[in-house]
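Subject: Structure handover and findings

Hello,

Here is the structure you are taking over. My notes on what was found in it follow below.

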Amino acid sequence: MAALIAENFRFLSLFFKSKDVMIFNGLVALGTVGSEELFSVVAFNCPCSPARNYIYGLAAIGVPALALFLIGVIWNNHTWNLVAECHKRGTKNFSAAATFLLFGSIMGRASVAPITWSVISLLRGEAYICALSEFVKPSSLDKFPAENAAEVLAKFPCRDVPANLTKFRDEVTRRLRYESQLFGWLLIGVVAVLIFLTKCLKHCCSPLSYRQEAYWAQYRSNEDKLFRRTAEVHSRILAAKNVKQFFGFVALDREEKELVQEFPVEGVQPSPQWNAITGVYIYRENKGFPLYSRLHKWAKGVEGNGPTPEGHELLFLAS
């Protein structure tokens, strides 16, 4: 039993650490669904008041979606690579196609969570009913009392209505829930078609074969893992040297002592090297050989950022 539990935890660990875009987007969507459910149960409370319903209902759908979109933009590595690129090199080396590709990648990933939030909100229908109940035309309801129609309709989402209006409340709620869910399913369909067309366009326009693109993805993932791991060890050893120089000794555990002995660190990388490996990277080749990252380009000693007689840039951005 213990072995089975340990194996399941190992599987979940590998699953959540995966860099695959589809898995990552799926996890984001799943987390968004859970957050929306929690929000609906705990926080959503329609004011049931004319003019306030509409603002509150739209805010319940739009404000969290906007916040999730901004969080998605902040968490995307391409965002900060773009900031670094503009800060260090400007945008003079960006073609229109490359710029469109880059922004499309950032916006596409950042849209996963807000679209999921909007879809779930529409399928549940509570926010939509709250926002639009007061705008239902009284004339569309058979024998509905015309006095204070907007105020009465605005109270329908709260269910605190007189018994003689219960049938009208059920009719309005059913009608608005139908519209809300219809918009939700249409949004799902539109997004699915856009994703399909985007994937087709990406593979049709890609300068790489399917196998080379898969290799490139594996290389990027491995380079990132090794870089982060090595940077963590390098910074720890450098910190240990500086602390020892200040105090005359440094308190290291056994693992850290082995790292200090095995990997002697003489200094730090100069800023030009950090600048060379930081920024937006679009697939490049040099004399027919691929350069899979800025670090790869720096290691090969290739200079420049744009097309040259010896190397050319292909407009294909990493996913």
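How many helices and strands does the protein have? The protein has 13 helices and three strands. Please keep in mind that this is a predicted model, so everything below is computed from its atoms.

Overall figures

Of the 319 residues in the protein, 31% count as buried. The accessible surface comes to about 20,500 Å², and carbon and sulfur atoms account for 65% of that surface. Among contacts between residues at least 6 apart in sequence, 71% join residues that are at least 24 apart.

Disulfides

A search of the whole structure turned up two disulfides. A disulfide is a covalent bond between the sulfur atoms of two cysteines.

One of them is formed by C46 and C130, with 2.1 Å between the sulfur atoms. The link of C46 and C130 is right-handed, with 80 degrees about the S-S bond. C46 sits in the loop between α2 (21-42) and α3 (52-75), while C130 belongs to helix α7 (residues 126-132), so this pair ties together parts that lie 84 residues apart in sequence. Both cysteines fall in the buried class: C46 has a relative accessible area of 10%, and C130 has 1%.

The other disulfide joins C48 and C158, with the sulfur atoms 1.6 Å apart. The link of C48 and C158 is right-handed, with 100 degrees about the S-S bond. This pair also links distant parts of the chain: C48 is in the loop between α2 and α3, C158 is in the loop between α8 (149-154) and α9 (166-205), and the two are 110 residues apart. C48 is buried, at a relative accessible area of 10%, whereas C158 is partly exposed, at 31%.

If the bonded cysteines of the protein are numbered in sequence order, the pairing reads 1-3, 2-4.

As for accessibility, C200 counts as partly exposed at 32%, and C204 is exposed with a relative accessible area of 67%.

Nonpolar surface patch

Which residues make the nonpolar surface patch of about 570 Å²? The patch is made by I71, I74, W75, W80 and V83. Helices α3 and α4 (77-88) each supply at least two of its residues. The largest share, three residues, comes from α3. W75 is found in helix α3, and at 67% relative accessibility W75 counts as exposed.

Regards

Conventions:
Residues are numbered from 1 along each chain as its sequence is written. This is a predicted model: local features need pLDDT of at least 70, side-chain atom pairs count only at pLDDT 80 or more; totals for chains, interfaces and linings use all residues. Side-chain values use heavy atoms; hydrogens and water are left out. A disulfide is a pair of cysteine sulfur atoms within 2.5 Å. Helices (H or I, at least four residues) and strands (E, at least two) are DSSP runs, numbered from the N terminus. Buried means under 20% relative accessible area, exposed over 50%, partly exposed in between (1.4 Å probe, protein chains only). Contact means heavy atoms within 4.5 Å. Accessible areas come from the Shrake-Rupley method with a 1.4 Å probe; for residues, only the protein chains shown count as cover. Patches are made of residues with over 30% relative accessible area and no salt bridge: like charges are joined within 9 Å, nonpolar side chains (Val, Leu, Ile, Met, Phe, Trp, Tyr) within 5 Å. A salt bridge is a side-chain nitrogen of Lys or Arg within 4 Å of a carboxyl oxygen of Asp or Glu.
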